[in-house]
Amino acid sequence: MPPLEILVYSWQFDWTAVAFAAVGGILYGWGMWSAAQRGKRWPVWRAVAFYVLGLGSFVVLTCGFTGVYGAQQRWAFTIKISLLLFVVPLLIGLGKPLTLARAALPAKGTAALDKVLSSRPVRFVSNSFGAPLLGLALFSTFLTPAFYTLRTDPVAGALLTLGVPLLGLLMALPIIEESDFQRSSAYLTLEFMFVFIELLIDAVPGILLSLNGQVLDHAMSAPNPQWWFRDAIQDQQFAGNLLWFICEVLDLPLIILMFVRFSRSDKREAGAFDELTDEQLHQLHDQHLRGRH
């Protein structure tokens, strides 16, 4: 492992990352100001979570050690991408950006937000059926020569810096901000079951990287190597171990959040049925028997 001073003091100025963080911070600040103008006070701890934990971790990963050495060491790049996909969106989600947007936007803006959230691409990515497929597709590129391009090409790096956190947000926000993605308990049960399949799917690229005895991206050396650099095959296998570990460990909090979401959905549906009159319950029962849903 690199010395502590290299881990702490290695920094770069990533224009894409800084622009992303600046735009996100400005929009969130405007949302708090607009909500305050409408008489809605936003919790301070959510703002701290958004700025310090969410955007702060994003800047550290992209501008810190993993950003500086990601092009040269596969394991540093793997840490950056996997945490941008799984951890940063969860920390940003603690700030409840969608809830803040609803509190800040006028009626037309809220209607436009609802239209976006109900679109087919967002619905596909924001459930536990489509999200694992996209994650698997991303990490499967680590098994090909494209892994070298993703690590070293500036355009690819900029696209990943913008796209991976956004993809992670689409995966995380439905779990954190369930009111904007309400689904039935039956649907959530299927999602909950599919998460266990996701545990196995996410591990496949990491396992293959770890166990493969050949350098899959064909990059045998790194420019200007440091004394603590691993050679190509050790670097690849260590990256696979980290990817395997991160994907498996970070699925656990998602399972817990999904269980909480399922419990709330079930309680909400039970309360809705309790409010129905006997006549309304009889009509629903009759429609169910006749197949009219």
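**Close-up views of a predicted model**

**View 1. Arg74 and Asp235 meet inside the protein.** Arg74 and Asp235 are both buried (under 20% relative accessible area with a 1.4 Å probe, protein chains only). Their side chains form a salt bridge, 3.1 Å from N to O (a side-chain nitrogen of Lys or Arg within 4 Å of a carboxyl oxygen of Asp or Glu). Arg74 sits in helix H5 and Asp235 in helix H14, so this pair ties together parts 161 residues apart in sequence. Helices here are DSSP runs (H or I) of at least four residues, numbered from the N terminus.

This is a predicted model, in which local features need pLDDT of at least 70 and side-chain atom pairs count only at pLDDT 80 or more, while totals for chains, interfaces and linings use all residues. Residues are numbered from 1 along each chain as its sequence is written, and side-chain values use heavy atoms, leaving out hydrogens and water.

**View 2. Asp217 forms a salt bridge with Arg151**. Their closest N and O atoms are 2.7 Å apart. Asp217 lies in the loop between H13 and H14, and Arg151 in helix H11 (residues 146-152), so the pair links parts 66 residues apart in sequence. Through shared partners, salt bridges join Arg74, Arg151, Asp217 and Asp235 into one network.

**View 3. Lys80 is buried yet has no salt bridge**. Look for Lys80 in helix H5 (residues 74-86). The nearest side chain of opposite charge (Lys and Arg count as positive, Asp and Glu as negative; His and chain ends are not counted) is Asp14, 5.7 Å away.

Definitions and conventions
Helices (H or I, at least four residues) and strands (E, at least two) are DSSP runs, numbered from the N terminus. Buried means under 20% relative accessible area, exposed over 50%, partly exposed in between (1.4 Å probe, protein chains only).
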